[in-house]
Amino acid sequence: MAATVLLPCGSNVSVKVHPVVLLSICDAYTRRKENQDRVIGTLLGVVVDNVIEVKNCYVVPHNESSEQVMVDVNHHKTMFDLHQKVAPHESIVGWFATGSDLYNSDALIQDFYSKESLHPVHMVVDTTLKDDKFSVQAYTSRTLALGDKVLATEFVEIPCDTIIGDIERVGAELMLTGFNDPSPENKKETANKSFSDEAETLAASMGRLADLVARASEYVDSVASGKVGGDPAIGRYLADTLALVPHLAKSDFERLFNEGVQDAMMVTYLSDLLRAHVALAERLGTAALPIM
Amino acid sequence: MAAPLEGGALRPHKELVKTVQLEGQVLLKIIQHCSEALPQLVTGQLLGLDVGQQLEVTDCFAFPAAVAEDDVEAESAGANYQLEMMRCLREVNVDNNTVGWYQSANMGTFQTLELIETFINYHENIKKCICIIYDPQRSSRGNLALKAIRLKESFIELSKEQKLTLKGFREANLSWRDIFVELPVKVRNSNLVQALVADLMPAPTATQADVDRLNMSVAPFLERNIQSLVESVDDIVQEQQKVTMYHKSVARQQQAYAAWLQKRRQENTQRLQDNLEPLPEEDPTLFKPIPEPSMLDNYLVTNQIATYCDQINFAASEAIQKLFMMEGMQKAGL
């Protein structure tokens, strides 16, 4: 019997990738050996319902020529064991390769990985930037069999998405704000800005929020004046959001405001007092002298 | 350039690390590992190169969660893990140089004795090593709480000579501020990665991070900070008491010694009268010198207090800014 790859519930599988994985793949591609065109490696992650979440990856050295392909299985197993010690809940969910197309040898590698995991996902990360676009595609494989003979393996594309967790968003935002600096030197590897001043980012956040609100109000204006057909779902959503803004009586608001400010000031005062105390103790040397 | 130091040994003037440059993927890996492992605190290794005054961190990997440290087997397992990982990474052309380690911290406190010991251990082999501290809880408020620290050179020398007492610190002209040095961190990405990042996040509109940052509730964070601050003050009072005890016991010892010496002298005059050998006036075994308590704990706690105060100040000033903005919006009739 030909081994068919069972897809969960037909082809409703989708893949979500963490940006860490993509960055690691790019980095590995930059570091590849001289005679290699592409880099392959294993993907680790978790499977929840029909969504495969790829959280981590590592590179596996391989050698491929037109006739055969060799994968360093030892390395793959060792790295997997090491990773299991750190994150025991992650399992092998597939493998990745850089490059823009599928190769013939991919079927063999896919076969190898299907022994490791139930339905391995093959991810192709286009590092050659074909069409001026950075594309990440995911495939899962299906064997085409005629009776008992396995003819070929077909790669079926499945939707692939990049997710940015809440926490990573902070780090990712930082990398992006650095990149938005006009830097015409494309050949040199430019260094991004250092972690900018904290107060500045608060102003930036407010700016962005103000932008959003301006866009929303523009939309509402244009709908009201009849230029754009209104979408009732959006209208309801906007109304709900506005209803969330608490409508406080002036005295209430003043009271809350004063309390908040007083709390913050008191805390600042206390911490400054403590700091002054410690500094004084140090200067006078009383921190180390017996308290007579 | 050699600079003569106390003890007469000539030591070459090493270039100190002044800045740290992280690759984007290292940043994301650290964030992912530390936030997923909450509430447990985790550590990992940093790999990279040092280029003059800048330390470039190009890769990192996580350590398995620490098991009981008394187990010799667990320690060798940890060392094995490190070796295996480094070997595998070498096969794929990753920089094989250890340049330090990272750890997650709770409420920004990292000033512990273990940290200093680890630093000194690392320092034996690698001269330029840093530690990256990441605070996952503070980052959930919208700011990236990551900093790189290293020990100050003078402090390392002082601890090597084991002179961590008050006198030692005074002589070397160090205060509690001079234990750690914070280094500025930069993030750098290769061109390919920059293209990727640009593709992933095209236009920066208001994101979840903005919403987190603009969150008005600052009270719980302040409460926790103040609680830890109060604990630190308790610690420092304890340390002070230790010093007091030391001084008192030294004074007591002196008194006892003086009394004993007098008795000895009386005995000796007696024996001289009896034409016997006088007993020695010193008796080292009876009065062992009491070791002076190390000032290191004291200084570490002071550092902690300083960190808490900084955090509180920052959070409070942020809160005030947000409140005033709210007031402005309220006045404008929004």
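In chain A, strand β6 (residues 91–98) runs parallel to β7, and 5 bridges join the two; two strands pair if DSSP finds at least two bridges between them. One contact to look for is A:Ala97, whose bridge partner in β7(A) is A:Val124. Keep in mind that this is a predicted model, where local features need pLDDT of at least 70 and side-chain atom pairs count only at pLDDT 80 or more, while totals for chains, interfaces and linings use all residues. Residues are numbered from 1 along each chain as its sequence is written, chains are lettered from A and ligands numbered from 1 in the order in which they are written, and side-chain values use heavy atoms, leaving out hydrogens and water.

Now bring in helix α3 (residues 106–116) of chain A: together with β6(A) and β7(A), helix α3 makes a right-handed β-α-β unit. Right-handed means that, with the strands pointing away from the viewer, the path from the first strand over the helix to the second runs clockwise. In the loop between β6 and α3 of chain A sits A:Gly99. A:Gly99 is buried, with a relative accessible area of 10%; buried means under 20%, exposed over 50% and partly exposed in between, using a 1.4 Å probe and protein chains only. From A:Gly99 to A:Val69 is 30 residues in sequence and 16 Å in space, C-alpha to C-alpha.

Back to β7(A), residues 121–125. Because 5 of its 5 residues are buried, strand β7(A) is largely enclosed by the rest of the structure. A:Val121, A:Met123 and A:Val125 point one way, A:His122 and A:Val124 the other, and all are buried. β7(A) also pairs with strand β8 (residues 136–146) of chain A, this time antiparallel and again through 5 bridges. There, A:His122 has A:Tyr139 in β8(A) as its bridge partner.

Strand β7 (residues 130–134) of chain B runs antiparallel to β8(B), with 4 bridges between them, and B:Cys131 is partnered by B:Ile149. β8(B) also pairs in the antiparallel sense with strand β9 (residues 180–183) of chain B over 4 bridges, where B:Leu151 stands opposite B:Phe180.

What about the cysteines? Over all chains there are 0 disulfides, a disulfide being a pair of cysteine sulfur atoms within 2.5 Å. For A:Cys57, the nearest cysteine sulfur is that of A:Cys26, 9.9 Å away. A:Cys57 counts as buried at 8% relative accessibility, and B:Cys309 does so at 0%.

Helix α2 (residues 73–86) of chain A holds A:His76, which counts as buried at 1% relative accessibility. Its C-alpha atom is 8.1 Å from that of A:Val59, 17 residues apart along the chain.

A cavity is a set of points, on a 1 Å grid over the protein atoms alone, where a 1.4 Å probe fits but cannot get out, and lining residues have an atom within 4 Å of a point. In total, the structure holds 4 cavities of 30 Å³ or more.

Definitions and conventions: On a 1 Å grid over the protein atoms alone, a cavity is a set of points where a 1.4 Å probe fits but cannot get out, and a pocket is an open set with protein on both sides within 12 Å along at least five of seven lines; lining residues have an atom within 4 Å of a point. Grid points are joined across faces, edges and corners, and a volume is the space filled by probe spheres set on the points.
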